[in-house]
Amino acid sequence: MSEEPHGSEAEASRTDASARPVRAPRGSYAKGQARRQQIVDEALVVFARGGFHSGSLREIAKRVGLTPTGLMHHFANKEELFTEVLRQRDEAIRAAAGDPAEHTLIQQATKVVAYNQESRGLTQLYATVSAEATDSEHPAHEDFARRYRESAEGATPILEAAQADGEIRADIDPALAARLISAVMDGIQQQWLLDDSVDMNALFAEFVRGYLRP
């Protein structure tokens with residue numbers, strides 16, 4: 001049977017106990033995460049429609065039943081919320097299409113096009129923000145420039161390998177083709193957002209058949 005601490009030992013024990021962080025109940029954490037995700041979902045709608053600059057934190061807060069101050073308990077500022085929206089968009093694309101591996105770049109791009117046609121909100125967000133981000137002062141300017149650059153740099157050796165194996169045409173420049181693939185995808189989705197009778201899947205398949213395939 002252990003002895004109770006006395007005097008300074010008891011005081012130290014109480015001090016240690018008071019210094020320990022109090023854990024929030026699991027239910028509170030789950031509610032907080034659910035609320036945070038609700039904010040991201042509504043922010044996607046607002047940013048997709050108005051872009052970063054016109055997308056209002058006040059409107060987002062209203063859509064989730066919070067004040068702008070209450071919204072700041074979940075996200076420190078507009079840039080942090082916007083970054084989380086883009087991060088989740090990227091994760092959704094990767095989950096749907098996977099990462100391109102050797103000899104699968106065209107299949108992966110085809111899956112992205114198909115996913116975009118089924119996910120209008122995410123596609124609209126990307127089109128709106130990528131156009132806005134051409135402004136050098138936009139918070140996503142460097143990020144989007146890097147996205148396109150790294151996408152082309154990663155695609156080039158994959159296209160070279162496919163070209164060596166006769167899977168794509170021998171007379172195209174892989175570095176230029178790597179840029180063209182994303183340019184065509186962006187152009188097709190822009191037309192679809194303006195006119196949903198446009199079939200993005202059929203247009204991209206025609207591009208692959210007419211330009212990439214031997």
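Visitor: Hi! At what angle do helix 6 and helix 10 pack, and how far apart are their axes?
Guide: Helix 6 (residues 105-118) packs against helix 10 (residues 200-212) at about 160°, and the axes are 9 Å apart. Helices here are DSSP runs of H or I with at least four residues, strands are E runs of at least two, and both are numbered from the N terminus. Axes are lines fitted to C-alpha atoms, for helices over the stretch in contact, and angles run from 0 to 180 degrees between N-to-C directions.

Visitor: Okay, so which way does helix 6 run relative to helix 10?
Guide: That angle makes helix 6 roughly antiparallel to helix 10. Under 35 degrees counts as roughly parallel, over 145 as roughly antiparallel, 65 to 115 as roughly perpendicular, and the rest as oblique.

Visitor: What should I know about where this comes from?
Guide: This is a predicted model, in which local features need pLDDT of at least 70 and side-chain atom pairs count only at pLDDT 80 or more, while totals for chains, interfaces and linings use all residues. Residues are numbered from 1 along each chain as its sequence is written, and side-chain values use heavy atoms, with hydrogens and water left out.

Visitor: Back to helix 6 and helix 10: is their crossing left-handed or right-handed?
Guide: Helix 6 and helix 10 cross in a right-handed way. A crossing is left-handed if the near helix is turned anticlockwise from the far one by less than a right angle, and right-handed if clockwise.

Visitor: Which residues meet there?
Guide: From helix 6 there are Ile106, Ala109, Thr110, Val113, Ala114, Asn116 and Gln117, and they meet Met200, Asn201, Phe204, Val208 and Leu212 of helix 10. Contact means heavy atoms within 4.5 Å. Sorted by class, the contact of helix 6 with helix 10 has eight nonpolar, four polar and no charged residues. Ala, Val, Leu, Ile, Met, Phe, Trp, Tyr, Cys and Pro count as nonpolar, Asp, Glu, Lys and Arg as charged, and the others, Gly among them, as polar.

Visitor: Zooming out, how many helices and strands are there?
Guide: The protein has ten helices and zero strands.

Visitor: And how much of the protein is buried?
Guide: 36% of the 214 residues count as buried. Buried means under 20% relative accessible area, exposed over 50%, and partly exposed in between, using a 1.4 Å probe and protein chains only.

Visitor: What about contacts between residues 24 or more positions apart?
Guide: Such residues account for 63% of the contacts in the protein with a separation of 6 or more.

Visitor: Now helix 5 and helix 8: how do they pack?
Guide: Helix 5 (residues 78-97) and helix 8 (residues 141-164) pack at about 20°, with axes 13 Å apart. That makes helix 5 roughly parallel to helix 8. Their crossing is right-handed.

Visitor: Which residues touch in that pair?
Guide: Leu86, Arg89 and Asp90 in helix 5 meet Asp143, Phe144 and Arg147 in helix 8. In the contact of helix 5 with helix 8, two residues are nonpolar, none are polar and four are charged.

Visitor: And how do helix 5 and helix 6 cross?
Guide: The axes of helix 5 and helix 6 come within 9 Å and cross at roughly 120°. That makes helix 5 oblique to helix 6. Ala92, Ile93, Ala96 and Ala97 of helix 5 make the contact with Gln108, Lys111, Val112, Tyr115 and Asn116 of helix 6.

Visitor: Is glutamine 108 buried or exposed?
Guide: Glutamine 108 counts as buried because its relative accessibility is 15%. Its C-alpha atom is 9.3 Å from that of alanine 96, twelve residues away along the chain.

Visitor: Where is histidine 74?
Guide: Histidine 74 lies in the loop between helix 4 (68-71) and helix 5. At 24% relative accessibility, histidine 74 counts as partly exposed. Setting aside neighbours within four places in sequence, histidine 74 is in contact with Gly32, Arg35, Arg36, Ile39, Leu66 and Glu80.

Visitor: Last one: why does leucine 176 count as exposed?
Guide: Leucine 176 is exposed because its relative accessible area is 56%. Leucine 176 is found in helix 9 (residues 174-194).
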